[in-house]
Amino acid sequence: RHKFWETQPVGQFEDTGDTSLPEGPIEPPTPLSEVKQEPYNLPNLYEWITCDIDSEETCAEVCNLLNHNYVEDDKNMFRFAYSKEFLRWALRPPGYCKSWHIGVRVKSSKKLVSFIAGVPARIRVRDNVVAMAEINFLCVHKKLRSKRLAPVMIKEVTRRVHLENIWQAAYTAGVVLPTPISSCLYWHRSLNPKKLIDIGFSRLGAGMTMSRTIKLYKLPDSTSTPGFRKMELHDVPAVTRLLRSYLNQFEAAPDFDENDVEHSFLPKENVVDSYVVESPESHKITDFCSFYSLPSSILGNQKYSILKAAHSFYNVATETPLLQLMNDVLIVAKQKDYDEFNALDVMQNVTFFEELKFVPLDGNLHYYLYNYRLRNALKPMELGLVLV
Ligand code: NHW
Ligand code: EN5
């Protein structure tokens, strides 16, 4: 059934629930001298390239490939539209490896037709912090689909990750592969209901009029929590402490240090936004919330071409109720002109969905580990990991 995935060190469907199998690495590392030194073979017309994301031109090419060929919903109404600034941010975390940003070009025309990327991350799975690659942005040009190029992309990134002495990976996908460590749902909160309904992203509720719907989703003009403000550079140590202690409770979560936090959360216009609550009395940082900006192209609509979506990233509430904190995030997202706010049912997110008028969307997001077995799947609420 899965000609490629059956050959890989991933949990196989037939092994699910087999409690005799140990948790942890499926295969041991091999000596680096035994890792294949040359790239995998590509069909003759194509060549490998390492993408220099620093280069304006290469970054634009990758962005362009993704904007025309990356993930769409099941009805092909929307397609993720990552910006260049976003890609630069996502692909260059502390310790990133240029060789893990992999493209395939047509030899003759030099046209970029496929891409896959990895970035390093320390991810704790139960009691073990594991050095991993996070794999993302796998894309094959629409005209080259179903020719088994994806397995070659995956094997090549695996080889280049192995060359850096890393043997595990984490990735998410909308499709079911062997075997999810968790299967999550997307929920969303409408900020601009009229536009969302006009473009077919959502529907008018039963017995609802447009004006009642607009009223239902109306938000206050300003945030309510005293001391709620944008995160700044000097907040990095406090935010790192908050995140580390919060993420401890989950079965799988990133092991962030201050460098990671500075890179991942320091606000970057139209890429990532983070807020803290600084207690007006003690000046302690008590709460944190963040979202990243991932617009979608609206395919074939006369009036609108871009859906502006904010995606919940990591949130930590210790003093402010999570519900109130998230209501304030909705308010700032609305101020920044986002059309909707998305969140997965991971961590404690389900606790605010109903009250804050989130509704479930129609797609799943499955989480996977490469070369690391878990005996049982995790509940979304046991997961403390969000990939962009
Ligand atoms: S998920 C988003 C993936 N990208 C898209 O959906 C964009 C639009 N689609 C495409 O570009 C986030 C193509 O349809 C793709 C498949 C390229 C998806 N993950 O070439 P063939 C990520 O980027 C398997 C993994 O003929 P295609 C995460 C499929 O099951 N495998 O198909 C990426 C089949 O194998 P099987 C996927 O449609 C994680 C084989 O590919 C997959 O022309 C990557 C068919 O290949 C997916 N999303 O191209 C894994 N979609 O065994 C990283 C399909 O079933 C693993 N397939 O026969 C870790 C590596 C690092 C390890 C380090 C130690
Ligand atoms: C790597 N970091 O399906 C992640 N989007 O899940 C890559 N639905 O926008 C993998 N179907 O339900 C990501 N509206 C996998 C996600 C793939 C993209 C995707 C889903 C969310 C989505 C929207 C629009 C659906 C349009 C048609 C949605 C609300 C209900 C909708 C109203 C209109 C009729 C259908 C239902």
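Buried means under 20% relative accessible area, exposed over 50%, and partly exposed in between. Keep those cut-offs at hand for this tour of a predicted model.

Start with Glu61 in helix α1 (residues 56-69) and Arg105 in strand β3 (residues 101-106), which lie 44 residues apart. Their side chains meet in a salt bridge, 2.7 Å from N to O. Glu61 has 24% relative accessibility and therefore counts as partly exposed, whereas Arg105, at 14%, counts as buried.

Next select Glu23 and Arg126, whose side chains form a salt bridge at 2.9 Å, N to O. This pair also links distant parts of the chain, with Glu23 in the segment before β1 (46-50) and Arg126 in the loop between β4 (112-125) and β5. Glu23 is partly exposed at 29%, and Arg126 is partly exposed at 28%.

Move to helix α3, where Glu156 and Arg159 sit three residues apart, about one turn of the helix. The closest N and O atoms of their salt bridge are 2.8 Å apart, and both residues are buried.

For a network of salt bridges, select Arg122, Arg244, Asp255, Asp257 and Asp260.

Finish at ligand 1. Of the 33 residues around it, His2, Trp5, Leu138, Ser146 and Ala150 come nearest. Oxygen atoms of ligand 1 lie 2.7 Å from a backbone N or O atom of Ser146, 3.1 Å from one of Phe137, and 2.9 Å from a polar side-chain atom of Arg148. Taken alone, ligand 1 exposes 1200 Å², of which the protein buries 88%. Color the shell by class to find 21 nonpolar, eight polar and four charged residues. Helix α3 gives the most to this shell, with seven residues.

Note on methods. Residues are numbered from 1 along each chain as its sequence is written. Chains are lettered from A and ligands numbered from 1 in the order in which they are written. This is a predicted model: local features need pLDDT of at least 70, side-chain atom pairs count only at pLDDT 80 or more; totals for chains, interfaces and linings use all residues. Side-chain values use heavy atoms; hydrogens and water are left out. A residue is near a molecule or strand if one of its heavy atoms lies within 4 Å of it. A polar contact is a pair of N or O atoms within 3.5 Å; within protein, one must be able to donate a hydrogen and the other to accept it, and residues adjacent in sequence count only if both atoms are side-chain atoms. Accessible areas come from the Shrake-Rupley method with a 1.4 Å probe; for residues, only the protein chains shown count as cover. Helices (H or I, at least four residues) and strands (E, at least two) are DSSP runs, numbered from the N terminus. Ala, Val, Leu, Ile, Met, Phe, Trp, Tyr, Cys and Pro count as nonpolar, Asp, Glu, Lys and Arg as charged, and the others, Gly among them, as polar. A salt bridge is a side-chain nitrogen of Lys or Arg within 4 Å of a carboxyl oxygen of Asp or Glu. Buried means under 20% relative accessible area, exposed over 50%, partly exposed in between (1.4 Å probe, protein chains only).
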